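Here is a short briefing to read alongside the model. Have a look at the fold first, then follow the points below.

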Amino acid sequence: MRHTAQSIGRVVVGDDKIMQERLGHADIGVTLNTYTHLVSEQHRAAGDLIDGVFE
């Protein structure tokens, strides 16, 4: 449940620090390194941004 909460929160809320506090982690590294999983839409968006540089 915590993995899902952070992964969805990252997309919807967009602020890892807020999610860190909501999940009760003292260290944001725990939030980012353990509980954050990117969704394919984030990979697509990143690719689009990189492609935009070369257009």
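**Confidence and fold**

Among the elements of the chain, helix H1 has the lowest mean pLDDT, at 83, while helix H2 has the highest, at 92. Keep in mind that this is a predicted model. Across the chain the pLDDT averages 87, and 100% of the residues score at least 70.

**Overall architecture**

- The chain holds four helices and zero strands.
- Following the sequence, you will find the pattern α-α-α-α.
- The radius of gyration is 13 Å, well over the 10 Å that the globule rule gives for 55 residues, so the chain is more spread out than a compact globule.
- Along the principal axes, the C-alpha atoms fill a box of roughly 40 × 20 × 15 Å.

**How H1 and H2 pack**

- Two packed helices are described by the angle between their axes and the distance between the axes.
- H1 spans residues 2-12 and H2 spans residues 16-23; their axes come within 9 Å and cross at roughly 155°.
- That angle is over 145°, the cut-off for this class, and the two helices are therefore roughly antiparallel to each other.
- The crossing of H1 and H2 is right-handed.

**Who touches whom**

- On the H1 side, the contact residues are Arg2, Ala5, Gln6, Gly9 and Arg10.
- On the H2 side, they meet Asp16, Met19 and Leu23.
- Sorted by class, this contact of H1 with H2 has three nonpolar, two polar and three charged residues.

Methods: Residues are numbered from 1 along each chain as its sequence is written. This is a predicted model: local features need pLDDT of at least 70, side-chain atom pairs count only at pLDDT 80 or more; totals for chains, interfaces and linings use all residues. Side-chain values use heavy atoms; hydrogens and water are left out. Axes are lines fitted to C-alpha atoms, for helices over the stretch in contact, and angles run from 0 to 180 degrees between N-to-C directions. Angles under 35 degrees count as roughly parallel, over 145 as roughly antiparallel, 65 to 115 as roughly perpendicular and the rest as oblique. A crossing is left-handed if the near helix is turned anticlockwise from the far one by less than a right angle, and right-handed if clockwise. Contact means heavy atoms within 4.5 Å. Ala, Val, Leu, Ile, Met, Phe, Trp, Tyr, Cys and Pro count as nonpolar, Asp, Glu, Lys and Arg as charged, and the others, Gly among them, as polar. pLDDT is the predictor's confidence in each residue, from 0 to 100. The radius of gyration is taken over C-alpha atoms; the globule rule is 2.2 Å times the number of residues to the power 0.38.
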